[in-house]
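The sequence and the structure are shown first.

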Amino acid sequence: MDSARHPAVDLAERTARASYGRLLAMLASRTRDIAAAEDALADAFAAAVAQWPRDGVPINPEGWLITVARRRIGRGSAHGVVVDRAAELLALLEAERNSAEPPPFRDERLALMFACTHPAIDRNVQAPLMLQTVLGLDANRIAAAFLVDGAAMGQRLVRAKRKIRDAGIAFAVPDPADASHRVEGVLAAVYAAFGTAWDDVLGADARLAGLREEAVFLARLLAELLPDEPEVLGLLALILHCEARRGARRDATGGFVPLHAQDPNRWSQPLLLEAEAALRRAATYGSPGRYQTEAAIQSLHAHQRMTGERFAPALARLYDVLASQAPTLGVVVARAVAYAEAGAPELALAQLEALTGTGSYQPWWAALARVAWLAGQPERAARAAETATGLSADPAIRSFLLSGGYRT
Amino acid sequence: MQYVLLFNEAKAERDKREDPAAAGPYWGGWTAYMGAIAQSGVMVGGNALQPPETGTVLRVENGVRQVADGPFADTKEALGGYVVIEVPDLDAALEWAAKAPCAGAGSVEIRPVLPPPAA
C-alpha cells in the first residue's frame, strides 16, 4: 500500500509532523482559541492530502496550510456565538487579504508554550497540553504516558483550552521581570514529559519513558528559542545525558542494565557531547539552578563510568545542593542512595525513614533495597526489593529487582 | 477583555473596619487602590460591600420564599467588594489583583465577564 502512495500525500504528512506546532501556534495566537485552531488545521491537512496529489504541491506548503486553516476559522466563527470574536476575526482576515506580501512566518511556539504553562492553568495538565499543542500528540497517547484514562485526559485538555480562550490568557512571551518565574513552568512541563527520575534511583520505574523523544525535541526547541536561559540549557543537558544512555540501559535480551553496569561504548557520543556543551554554556552564566545541578549529577555519573574514578562524595554533595533547590520526594530519595554509595548507609537509612507518604512510591522502595543492602541489612533489603517489584509497571525492572540487582 | 476582581477578605482583615486603630490605614489602602485603578483608565465599575453579617439569603423552594439571615457565618474569607476592569488579558488583570490590599490577607478571584451573546 505504502509504495502506491502519492508523494504529495507523504509531503503533506511530513509537513504536518514538522510544522504542526508552528502552524497551530500561529493560528491560535491571534484568537487564543486552540481548539478551533486544531480543528481548522486538521481540515487544512485533510484538504492537502486530497488536493496536492491532484493539483500539485504548492510552492509554500506551510503558507498554503495556514491560508486554508484561516479561511476555515473565519467561516466557523461566522456562526459563532460571540459577536466580538467573530468581528475580530473578520478584521484579521481582511488585513491578511489586503497585505501585499505574505507576512514573515513568525514562530509563535514560545508564546504558545507560555500560554500552556500559565500558572492559571491546572499544573497537572500543563505538560500534556504542551505536548498536544506543540507536537500534535493525541490525547490517548498522552494519557497512556501519564497513566491517566484517555477520556479523562481528553476532558482535562478540553477544559484547559477553554480556559485559555475564555480567561484571556495571553499568547505572549512574558516581560523580563516575570520571565524567569514563568520559564520554570515551561521547564517543569518538559521535565514532566521526560519523566527524569528514571536514571536517579537504581531500578526505579520508568513511567514516562514513552514521551522521551518528544521531550528531547521540546528541550532542544526551548534552547533554540531561549538561548540565554541557563536553566533551559541545564534541562537540555540533563535530558541529553539520559538520552545518550538509552541504548545501554537494556541488554540483548531486554533486561534492565543499571548505570554502574552499563558499557559507556554503547552510549551515544554525539548526544553526550551535546549535553556537556549545553552544561558548560549554562555554567558561564553563573546562575545555578536545579536543572543545572541535575545535569551536573548526570555528567559526573558519566565521567565516573568513563574514567573508572569514583566521585561518590561529590555526588552526595551535589544531591545536597539539589535537595536545597528542589526538595521533592524523588530528589530526597535519590540523595539517600547517593549518601549510601558515598559510605554513609546509616545516614541514608535515616533519611529514607524520615520521609512520609512513601507507601506506594516505587522509587522509595527500590532505594531502600539498595541502601539497606549497603547498610548490612540483607533481609530488609530483600523485602524492600520485593515491594518495589510489586509496585513496578516495567517487567525489565521487576526482574532486575527480583534477581537481586540492587546488591551490585 | 472585562474581568471582575472579587475581593475576599479574611475575618481579621475585615474586622479592621471596626477597629479605630486600624480603620484609617485599612480604608486608606483601599481608597488609594481604587483611585489607582480609576486613574489608569481601566475601571469599569465596582463597590465595597457591607460585611457578610448584613447579608440576607433568599431561596424559592416549591414556590415558597425562604428568607434567611446570612450567608453562613464562620467562613474564613468573605466577599468584601469587587471591581470590573477592562484590560487586554489575564496577566494584566492579575497585575491589578496582586495590588489589592486583601491579596495578602485573603484572596482575589479573577473572573472574565461573559461577552453578550450574538443577536
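A residue counts as buried when its relative accessible area is under 20%, as exposed when the value is over 50%, and as partly exposed in between. A:R72, at 27% relative accessibility, therefore counts as partly exposed, and A:D43, with a relative accessible area of 35%, is partly exposed by that rule as well. The model discussed here is a predicted one.

**Salt bridges**

Side chains of opposite charge can pair when their charged atoms come close. Over all chains, a search of the whole structure finds 20 salt bridges. One of the pairs is that of A:D43 with A:R72, whose closest N and O atoms are 2.3 Å apart. Because A:D43 lies in helix 2 of chain A and A:R72 in helix 3 (residues 61-78) of chain A, the pair ties together parts that are 29 residues apart in sequence.

In helix 13 of chain A, A:R290 and A:E294 are four residues apart and are thus separated by about one helical turn; they also form a salt bridge, with 2.9 Å between the closest N and O atoms. A:R290 counts as buried at 19% relative accessibility, and A:E294 counts as buried at 3%.

In chain B, B:D15 and B:K11 both lie in helix 1 (residues 11-15), where four residues, about one turn of the helix, separate them. B:D15 counts as partly exposed at 37% relative accessibility, and B:K11 counts as partly exposed at 45%. A network of salt bridges also links A:D33, A:R165 and A:D166. The individual pairs described above are set out in the table.

| Salt bridge | Closest N and O atoms |
|---|---|
| A:D43 and A:R72 | 2.3 Å |
| A:R290 and A:E294 | 2.9 Å |
| B:D15 and B:K11 | 3.0 Å |

**Helix 9 against helix 13 in chain A**

Two packed helices are described by the angle between their axes and the distance between the axes. For helix 9 (residues 176-194) and helix 13 (residues 290-307) of chain A, the axes come within 12 Å and cross at roughly 35°. On the side of helix 9 of chain A the contact is made by A:L187, A:A188 and A:Y191, and on the side of helix 13 of chain A by A:R290, A:Y291 and A:E294. The residues of this contact divide into four nonpolar, no polar and two charged.

A:K161 is placed in helix 8 (residues 150-166) of chain A, and at 9% relative accessibility it counts as buried. Leaving aside residues up to four places away in sequence, A:K161 touches A:I34, A:A35, A:E38, A:L129 and A:Q132; with A:E38 there is a side-chain polar contact of 2.9 Å.

A:I164 also lies in helix 8 of chain A and is buried, with a relative accessible area of 0%. Its contacts, again without residues up to four places away in sequence, include A:R32, A:I34, A:A115, A:L129 and A:F171. Although A:I164 and A:R32 are 132 residues apart in sequence, their C-alpha atoms are 6.5 Å apart in space. A:R32 is found in the loop between helix 1 (7-31) and helix 2 of chain A, is buried with a relative accessible area of 19%, and has a phi near 65°, a positive value in a residue other than glycine.

**Two exposed residues**

A:D55 lies in helix 2 (residues 34-55) of chain A and is exposed, with a relative accessible area of 51%. A polar contact of 3.2 Å joins its side chain to that of A:R54. In chain B, B:N62 is found in the loop between strand 3 (56-61) and strand 4 (64-69); B:N62 is exposed, with a relative accessible area of 81%, and its phi, near 50°, is positive in a residue other than glycine.

**The interface of chain A and chain B**

The size of an interface is often given as the accessible area lost when the parts come together. Between them, chain A and chain B bury about 850 Å², of which 56% is on carbon and sulfur atoms. The side of chain A that touches chain B divides into seven nonpolar, three polar and four charged residues. Contact is made between 14 residues of chain A and 12 residues of chain B. Across this interface the rule finds zero salt bridges, whereas five residue pairs are found in polar contact, both residues being at pLDDT 80 or more.

Methods: Residues are numbered from 1 along each chain as its sequence is written. Chains are lettered from A and ligands numbered from 1 in the order in which they are written. This is a predicted model: local features need pLDDT of at least 70, side-chain atom pairs count only at pLDDT 80 or more; totals for chains, interfaces and linings use all residues. Side-chain values use heavy atoms; hydrogens and water are left out. Axes are lines fitted to C-alpha atoms, for helices over the stretch in contact, and angles run from 0 to 180 degrees between N-to-C directions. Contact means heavy atoms within 4.5 Å. Ala, Val, Leu, Ile, Met, Phe, Trp, Tyr, Cys and Pro count as nonpolar, Asp, Glu, Lys and Arg as charged, and the others, Gly among them, as polar. Buried area is the accessible area (1.4 Å probe) that two parts lose on being put together, summed over both. A salt bridge is a side-chain nitrogen of Lys or Arg within 4 Å of a carboxyl oxygen of Asp or Glu. A polar contact is a pair of N or O atoms within 3.5 Å; within protein, one must be able to donate a hydrogen and the other to accept it, and residues adjacent in sequence count only if both atoms are side-chain atoms. Buried means under 20% relative accessible area, exposed over 50%, partly exposed in between (1.4 Å probe, protein chains only).
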